[in-house]
Amino acid sequence: MRKVSLIILGFLLVLTTSVKSAQAELDMDLMQAIEDTNKSLSSNIAIKDQKASTSDAKELEQMFSKVETYFVEKGDAPDAVDLAKKSKELSLEIVKSVTAQDFDSATNAATTISRNCRTCHTFYKKS
Ligand code: HEC
């Protein structure tokens, strides 16, 4: 089902490229990368690795930014836009906390991000 809709989406993207060249697509490689980076971030915060946590959190921030853009352009998904935006902000908070060696705050923010993943999937993930 997902493959079929992706193929259809692909055709639509090609057809509309000339009109909407900035059309985004929520690709599953991006979600997979978010999953991997989120896991890596949690363990790097747990072992208080400042450098690795910072780079993971910055990466997550950029990826959530893409997720936000996707849902803004898709339209009719205000909750998803909000969750992506909040996750993006939390990623930046982690960068700040980790820089200040405040790993407790970083852990709390990371927990909230993981909760946001589940919330968004509950409402917007089809399979
Ligand atoms: C704003 C919404 C939103 C947020 C936040 C979000 N996701 Fe997703 N995610 C989705 C949607 C939508 C899909 C799949 C849509 C579908 O099933 O067609 C998805 C799919 C996935 C998949 C399946 C990928 C695959 O190959 O099938 C994984 C893994 C995943 N997300 C991990 C995460 C993790 C981990 C986080 C948090 C760190 C997260 N997501 C946050 C919306 C979100």
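Okay, so let's start with what sits around the ligand: the shell residues split into twelve nonpolar, four polar and four charged. Keep in mind that this is a predicted model.

In total, 20 residues surround the ligand, and the closest are M31, C117, C120, H121 and K126. Where do they come from? Helices α2, α3 (50-74) and α5 each supply at least two residues of that shell, and α2 gives the most, with six.

Now, the iron. Which residues coordinate the iron atom of the ligand? That's M31, through SD, and H121, through NE2, at 2.0 to 2.3 Å. These two link distant parts of the chain: M31 is in helix α2, residues 28-46, H121 is in helix α5, residues 103-124, and they're 90 residues apart.

What about the geometry? The iron has six donor atoms, with angles of 86 to 179 degrees among them, and the site is octahedral. For reference, ideal angles for six octahedral donors are 90 or 180 degrees.

M31 has 23% relative accessibility, so it counts as partly exposed. H121, at 35%, counts as partly exposed too.

There are some polar contacts with the ligand as well. A polar side-chain atom of Q32 is 3.4 Å from a ligand oxygen, and a side-chain N or O atom of H121 lies 2.8 Å from a ligand nitrogen.

Last, the cysteines C117 and C120, both among the closest residues to the ligand. Buried or partly exposed? C117 is partly exposed at 22% relative accessibility, while C120 is buried, because its 14% falls under the 20% cut-off. And the disulfide count for this model is zero.

Technical notes:
Residues are numbered from 1 along each chain as its sequence is written. This is a predicted model: local features need pLDDT of at least 70, side-chain atom pairs count only at pLDDT 80 or more; totals for chains, interfaces and linings use all residues. Side-chain values use heavy atoms; hydrogens and water are left out. Donors are N, O and S atoms within 2.8 Å of the metal (3.2 Å for Na, K and Ca); water is not among the atoms, so sites may look incomplete. Four donors count as tetrahedral if all angles lie between 85 and 135 degrees; four count as square planar and six as octahedral if opposite donors are over 155 degrees apart and all others between 65 and 115; anything else is irregular. Helices (H or I, at least four residues) and strands (E, at least two) are DSSP runs, numbered from the N terminus. Buried means under 20% relative accessible area, exposed over 50%, partly exposed in between (1.4 Å probe, protein chains only). A disulfide is a pair of cysteine sulfur atoms within 2.5 Å. A residue is near a molecule or strand if one of its heavy atoms lies within 4 Å of it. A polar contact is a pair of N or O atoms within 3.5 Å; within protein, one must be able to donate a hydrogen and the other to accept it, and residues adjacent in sequence count only if both atoms are side-chain atoms. Ala, Val, Leu, Ile, Met, Phe, Trp, Tyr, Cys and Pro count as nonpolar, Asp, Glu, Lys and Arg as charged, and the others, Gly among them, as polar.
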